[in-house]
Amino acid sequence: MLGVGQKFPDYSLTATVSLDMKNAFKTITNNDYAGKWKVYFFWPKDFTFVCPTEIAAFGKINKEFLDRDAQILGGSTDSEFVHHAWRTHHEDLKNLPFPMLADVKRELTSALDILDPDAGVAQRATYIVDPDGIIRFAYVTDLSVGRNPQEVLRVLDALQTDELCPCNWQKGEETLVVA
Amino acid sequence: MTIDELIDSLPAYAKDLKLNYSSLVRQQTELSQQQLWGTLVASAMVSRNLELIRAVLAEAATQISPTALEAAKAAAAVMGMNNIYYRFLHLSSNEKYRAIPAKLRMNVMRSHGVDQTDFELWSTAASAINGCGACVDSHEKVLRNHGFTEEQILMSVRIASIVHAIATVLDTESIAAADTVTA
């Protein structure tokens, strides 16, 4: 799978963004949410057991990610209609505050190399991508084990926290320059 | 009360402060409007008298841009944290603390949107009041590396000193005012 330091692949995918059939689907590309950090997390299949708890857990702390200028984007190889049906019928997913990407052609999951060789669906991979499109964190667990969104938040915090004070300046380092 | 009214209301025992404010703040030439008012804002905020903060913020809003005002407040906010943390590090003889990550966000030091040197000036004023010696030393060096003169730096410190003193007096005078009301 792609790792830290590599560029997150370009993509253009349909995503399920709401339950209202009139505006449920939207095309999202790697150029959207410019200037923001992105947290991508993939799961194997809609309508299974481990996934909803994880997805809902990310949803519950969505505000914490937004506060840190980070957009969460979930995804699997299921179609946007399957995402829609799942969200409609699952209590915990009805009001999900972030999009679900539908990587039906397996383009993004292949480019990331996170397709499980046996199951043919995405493994539980999570990526934190910085505003320049570079992967800064990659985390993947085996199909049956859920992930910890708090851990992802912790890492995002650590990635965004730099000691910028002059008193930490070591001789020879560059001085603080306004971007 | 406006800031001028507050200064006029200072009691006789604080006449020096009243006159210092008048001659230094109203007639100084070393600092630009933005540098002056940002220093007043940051100094008032870390001096903690609510009346003074209210009056200074109100007046500053008419003197400098909204971005500059936000940036001065940000300087007081972030220095309120850094002055404590880094003062501890420098006071402790245990060198190990300096090698351990601080884990404190201070991203506004990059994203405030005004001249970095003005932000540094306001941070220095706040540090002088909060009493972090290492912060004062490092910010002072940064300012001089960016072309500030000792006179300019000292002017902002004079302003910080006067603002802090005025806040102290206003705290005390507010007791008298409150007692008068409840008596």
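Ser22(B) counts as partly exposed, because 14 other C-beta atoms lie within 10 Å (a residue is buried with 20 or more other C-beta atoms within 10 Å of its own, exposed with 12 or fewer and partly exposed in between, the C-beta atoms being placed from the backbone). Ser22(B) belongs to helix α2 (residues 15-27) of chain B, where helices (H or I, at least four residues) and strands (E, at least two) are DSSP runs numbered from the N terminus. Between Ser22(B) and Gly133(B) there are 111 residues of sequence separation and a C-alpha to C-alpha distance of 28 Å. The model is predicted, and local features therefore need pLDDT of at least 70, side-chain atom pairs count only at pLDDT 80 or more, and totals for chains, interfaces and linings use all residues. Residues are numbered from 1 along each chain as its sequence is written, while chains are lettered from A and ligands numbered from 1 in the order in which they are written.

Helix α5 of chain B (residues 66-91) has 26 residues, which at 1.5 Å a residue should span 38 Å, and the distance of 37 Å between its end C-alpha atoms agrees with this; the expected span is 1.5 Å times one less than the number of residues. A kink of about 30° is centred on Met79(B) in α5(B), the bend at a residue being the angle between axes fitted to the seven residues ending there and the seven starting there. Met79(B) is also among the buried residues of α5(B), which include Ala68(B), Ala72(B), Lys73(B), Asn82(B), Asn83(B) and Tyr86(B). The cover over the buried residues of α5(B) includes α3 (33-47), α7 (108-111), α8 (116-130) and α9 (133-145) of chain B.

Of these covering elements, α3(B) packs against α5(B) at an angle of about 40° with the axes 9 Å apart, where axes are lines fitted to C-alpha atoms, for helices over the stretch in contact, and angles run from 0 to 180 degrees between N-to-C directions. The two helices α3(B) and α5(B) are therefore oblique to each other (angles under 35 degrees count as roughly parallel, over 145 as roughly antiparallel, 65 to 115 as roughly perpendicular and the rest as oblique). Residues of α3(B) including Gly38(B), Ala42(B) and Val46(B) meet a set in α5(B) that includes Ala68(B), Ala72(B) and Gly80(B), contact requiring C-beta atoms, placed from the backbone, within 7 Å.

The axes of α3(B) and α8(B) come within 9 Å and cross at roughly 30°, and these helices are therefore roughly parallel to each other. Gly38(B), Ala42(B) and Val46(B) are again among the contributors from α3(B), while those from α8(B) include Leu121(B), Trp122(B) and Ile129(B).

In α9(B), 13 residues at 1.5 Å each should span 18 Å, and the end C-alpha atoms, 18 Å apart, agree with that value. The buried residues of α9(B) are Cys135(B), Val136(B), Ser138(B), His139(B), Val142(B) and Leu143(B), and just after this helix Gly147(B) takes a positive phi of about 95°.

Most residues other than glycine have a negative phi. In chain A, Tyr33(A) has a positive phi of about 55° although it is not a glycine; Tyr33(A) lies in the loop between β2 (25-29) and β3 (37-42) and counts as partly exposed, with 16 C-beta neighbours inside 10 Å. Asp113(A), likewise a residue other than glycine, has a positive phi near 60°. Asp113(A) is placed in the loop between α4 (107-112) and β6 (124-129) of chain A, and counts as exposed with 12 C-beta neighbours inside 10 Å.

Technical notes
Two residues are in contact if their C-beta atoms, placed from the backbone, lie within 7 Å.
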